[in-house]
Amino acid sequence: MVADYFNNYITLLAFILTGMVFLSLVLFLCRLVAPRNPIPDKFTTYECGMIPMGMYWSHFHVRYYIFALLFVIFKIGTVFLYPWAVLFRSLGLFGFVAIIIFWAILFPGLLYAWKKGVLKWV
Amino acid sequence: MSLLQTILVIIIELAAALGFIMVTALILIYMLRKVMGHMQARLGPIRVGPHGVLQTVADALKLFGKEDIIPAAADKWTFRIAPAIVFTASLATFSFIPFAPNIVAVNVDISLFFLLAISSLAVLGIVMAGWGSNNKYALLGGLRGVAQMISYEIPLVLSTLGVVMMTGSLNLIDIVEKQKTMYNIVPQFLGFAIFIVAALAKINRTPFDLPEAESELVAGYNTEYSGMRWAFFFLAEFVNIFIISALGTIVFLGGWNGFLISLPPWAWFMIKSYVLIFFVMWVWSTFPRFRADQLMDVGWKILLPLALLNIALTGLVILLREGRIF
């Protein structure tokens, strides 16, 4: 049983490693087959045929950051829901009320963000 | 089992998974071109091989012979690692899919949770591709991709919770075995609807294909990618379509449980998965793209409250039926 348990996770690890190795291998083979003719124009950034202006590692809109924050809050909420959902039947009414209270605290956060106009994509 | 046997089994599983992924991607790309072609009153590919079946093979070979270009302005290592993360995430996600009661590579007690968790690692690859390219289209595509994928991940995860509550297990095989008499789509129809919408957004498919919106962002986060590196993004995308359809089949459509006629379990599983894949392609070729603000509205203001409502309703109904409240 214990061996089975670890086997599964070792298999998963093997899948992850294989993904990396396979990609490297294909790119390596590709390097052997593909032509190689480096001219400077090939390595310019694409900008619809114009000469690219400036770097793009600069400011971007704050809205992405706000959505990322909201995501973290609600994702943690959903992570707490998983063990609860598995044990739902044995927890019964007590567990149900408890989780309703949990979301009654978390959900007004979304309503607040909504009211404040944070969810508006401007 | 001895250590050697275990290693041998793992190697066979890996080879089978890689082979299956390649073949599935070739089939899905061909299928997409044909489905889309006929829906737009065209023929689709027809020249290479009978009815153009070898078109995707020819395309793969062409990509293989392309020069590997990394733009001079790009952040070299971020640029290189991004496709590896996206591809590895979909390969690792694939390992959790049970095709039949005994055809599954990784069978852990929390496979549903693990599957969803690992599939969301692809977001990292997309933001790295967008940022590492140092290209304005790629950056916009990458950021949009992240905003979209994280916003729709919450409804996606919540929509499966109703099923988990009914089943009492996070193991995908247990979830299928519980659907012997009735498929979860009947009691969990709301959950299924949320799942489908959120899944389309999660795999960046029309009407939610904003990260690579061709008409405004050239090719989004993979604008700077070409040749084999681009092919891995493309491969991962099609594998993700298969995975999300397979997940929908497992969680809501009864997996390998058949009806009327008896077929081997894996055959039922594949038929149902391909029905869902066809549905994805159908939507793909008929719907226009959402605007970014509409996308966020649907995710946060409609799907998230609906998903929570679904969980509350499921809990209430289960408690009422078991007589735990009155």
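Predicted model: local features only at pLDDT ≥ 70, side-chain atom pairs only at ≥ 80, totals over all residues.
**Close-up views of chain B and its contacts**

View 1. In one salt bridge the side chain of Arg89(A) meets that of Glu322(B), with 2.4 Å from N to O.

**View 2. The side of chain B that touches chain A.** In this contact, 86 residues of chain B meet 64 residues of chain A, and the area buried between the two chains is about 6900 Å², with 76% of it given by carbon and sulfur atoms. Several helices of chain B each supply at least two residues to this side, among them α1 (3-39), α6 (136-167) and α12 (292-321). The helix that gives the most is α6(B), with 18 residues, and by class this side of chain B holds 57 nonpolar, 14 polar and 15 charged residues.

**View 3. Domain 1 against domain 2 within chain B.** The domain assignment divides chain B into domain 1 (1-65) and domain 2 (70-321), whose C-alpha centres lie 20 Å apart. Domain 1 brings 18 residues to the contact and domain 2 brings 23, while about 1900 Å² is buried between them, 89% of it on carbon and sulfur atoms. Ile21(B), Leu28(B) and Leu63(B) supply 28% of the area that domain 1 buries against domain 2, which is more than any other three residues. Between these two domains the count of salt bridges is zero.

Methods
Residues numbered from 1 in each chain as written. Chains lettered and ligands numbered in written order. Heavy atoms only, no water. Contact = heavy atoms within 4.5 Å. Buried area = accessible area lost by both parts, 1.4 Å probe. Salt bridge = Lys/Arg side-chain N within 4 Å of Asp/Glu carboxyl O. Helix = DSSP H or I, 4+ residues; strand = E, 2+ residues; numbered from the N terminus. Nonpolar A, V, L, I, M, F, W, Y, C, P; charged D, E, K, R; others polar. Domains from an automatic or database assignment.
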